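I opened the model to look up a few things and wrote down what I found. The entries follow in the order in which I looked.

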Amino acid sequence: MTLSDQDLLNAHEEGDTARLCTLYHQAALTSDHIHAACFYATHAYVFALECDHPLRPEIRAFLVQHGREE
Amino acid sequence: MEHLTDLSRVKEPLGKANGLPNAHYIDPAVFAEECDALLFGQWAGLAVAADVPEAGDAKPITFMGMPLLLLRDRNDKVRVFQNTCRHRGMILVEKPRKIEGAIRCPYHSWCYSTEGKLVSTPHVGGPGQNTHRDVDRATLGLTEIRSHIWRDVVWVNVDGQAPEFEMAMKPVMERWAEFERPLFHGGADSKFVLSVKSNWKLAVENYCESYHLPWVHPGLNSYSRLEDHYNIEEYGAYSGQGTLVYRQLVGDNGAKFADFDDLDAKWDTAAEYLSVYPNVLLGMHRDHAFAIVLVPNGPEETEENIHLYYATPETDAELRAKNTEQWKVVFEEDIFVVEGMQRGRHGVNFDGGRFSPVMDGPTHCFHDWVAGKVIERRAISNAAE
């Protein structure tokens, strides 16, 4: 799956942070490059924090593993 | 150094004193001086805990121009933060809402826990790199404002220099020690806001004296006459009035509110109304209480936030609505007075006025406190120059 601009815009428009989290998480999982993956995971993590999403620990672990988060 | 106003006449004894000069009600420079001396430097009322009833509830409040955030954290503790991101100073929360997880700054998405800890700094070290050795999150949490809850009022000491709350408020806490009972906010039908074109101090002054009751509240006076009231004057702390003829509200079906437990028999017919300096007005009766938090929005604008409380979590809805309405009528009757006194203070020859040596003690007590705190603050400023 790739990140759909329209899905993303819709989720932003609706302030749907849970959806933003899952969209960015999916984008991170399907990225070809670790830098892109960490970029998307960063966004997924922020929205996971904001809405207390169940994916939060998993995303954080990913970022920590790659030296991107404390 | 020349001071903004001469307060020497205000510090005279009641029978000789003048009230505060006009500038204390209309001059932005004095308003700013009083902000430091009377509000940020003391324990001032900001809101009530019932404004944020559930964990995660957040309410932004502008207090004397300062953006604050009232928040009930994940562990049910009510906190007050500066509503300002530690990164670029952006306002964090624009309107009341529930914080589900973290507070995310809408600008660059730095995130804070409900306890104020900085928990995320996205891209701070470059794209996808969320840490940097120069950004120590442990030192960049939200700025917490010293706060304390008493009688459900959230009191704040913005400058952090006031004595401990229990020490600062000891006189009034001792006076009403027997009312240290659980208070239950009546809910949505037991709160209302009045906006008045008046300096906040005039609301304090009008509230603490009974002299005006027969003229301004004729309905109240039909059963609670002037001679049934007594003055309350605790110099340096609070002032107010009491009545000896309080009558419980009775519903059409004969219902009454439950009493607070274990009160002295004198409260069967007594009630008291205190202006707790600087800006909180409290009322206490055998069966209900209220708190009015005055939020100044400028030298000549004040928001009065009124909340009613009961001794039990469940109360008769009809009776509760009737009680709210009864108090609303009384407080609305006072609006023309505080707004009229405000306009009167644009009369350049008004000298602060003179007091009744018998009836105006509570007002003089407040003016004496204001003058004392302003003079103290001026002395500190002078010493620093």
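Entry 1, a helix of chain B. I note at the start that this is a predicted model. I looked up helix α5 of chain B, residues 200–208, and found it mostly covered, with nine of its nine residues buried. I wrote down the names: B:W200, B:K201, B:L202, B:A203, B:V204, B:E205, B:N206, B:Y207 and B:C208 are buried.

I turned to strand β15 of chain B, residues 271–276, which is mostly covered, with five of its six residues buried. I asked which strands pair with β15(B). One is β14(B), residues 238–243, which pairs with β15(B) in the antiparallel sense over six bridges. Another is β16(B), residues 280–284, which is joined to β15(B) by five bridges and also runs antiparallel to it. I then followed B:E272 across the strands. On one side B:G242 stands opposite B:E272, and in β16(B) the residue opposite B:E272 is B:M284. I also noted that β15(B) and β16(B) form a hairpin, with three residues between them.

I counted four helices and zero strands in chain A. Along the sequence the pattern reads α-α-α-α. The radius of gyration of chain A is 11 Å, close to the 11 Å that the globule rule gives for 70 residues, so chain A is as compact as a globular protein of that length. I took the box along the principal axes as well: the C-alpha atoms of chain A fill roughly 30 × 25 × 15 Å. Of the 70 residues of chain A, 44% count as buried. For contacts in chain A between residues at least 6 apart in sequence, I noted that 39% join residues at least 24 apart.

I found 14 residues of chain A in contact with 16 residues of chain B. Which helix gives the most to the side of chain A that touches chain B? It is α3 of chain A, residues 34–51, with nine residues. I sorted the residues of that side of chain A into seven nonpolar, two polar and five charged.

I picked B:L70 and listed what it touches, leaving out residues up to four places away in sequence: B:L46, B:A47, B:D51, B:V52, B:K59, B:I61, B:V80 and B:V154.

I looked up B:E100 and found it in the loop between β5 (97–98) and β6 (103–104) of chain B. Not counting residues up to four places away in sequence, B:E100 touches A:E50, A:C51, A:D52 and B:G56. Last, I checked B:E100 against B:H24, 76 residues apart along the chain, and found their C-alpha atoms separated by 43 Å.

How values were computed: Residues are numbered from 1 along each chain as its sequence is written. Chains are lettered from A and ligands numbered from 1 in the order in which they are written. This is a predicted model: local features need pLDDT of at least 70, side-chain atom pairs count only at pLDDT 80 or more; totals for chains, interfaces and linings use all residues. Helices (H or I, at least four residues) and strands (E, at least two) are DSSP runs, numbered from the N terminus. Two residues are in contact if their C-beta atoms, placed from the backbone, lie within 7 Å. A residue is buried if 20 or more other C-beta atoms lie within 10 Å of its own, exposed if 12 or fewer, and partly exposed in between; C-beta atoms are placed from the backbone. Ala, Val, Leu, Ile, Met, Phe, Trp, Tyr, Cys and Pro count as nonpolar, Asp, Glu, Lys and Arg as charged, and the others, Gly among them, as polar. Two strands pair if DSSP finds at least two bridges between them. The radius of gyration is taken over C-alpha atoms; the globule rule is 2.2 Å times the number of residues to the power 0.38.
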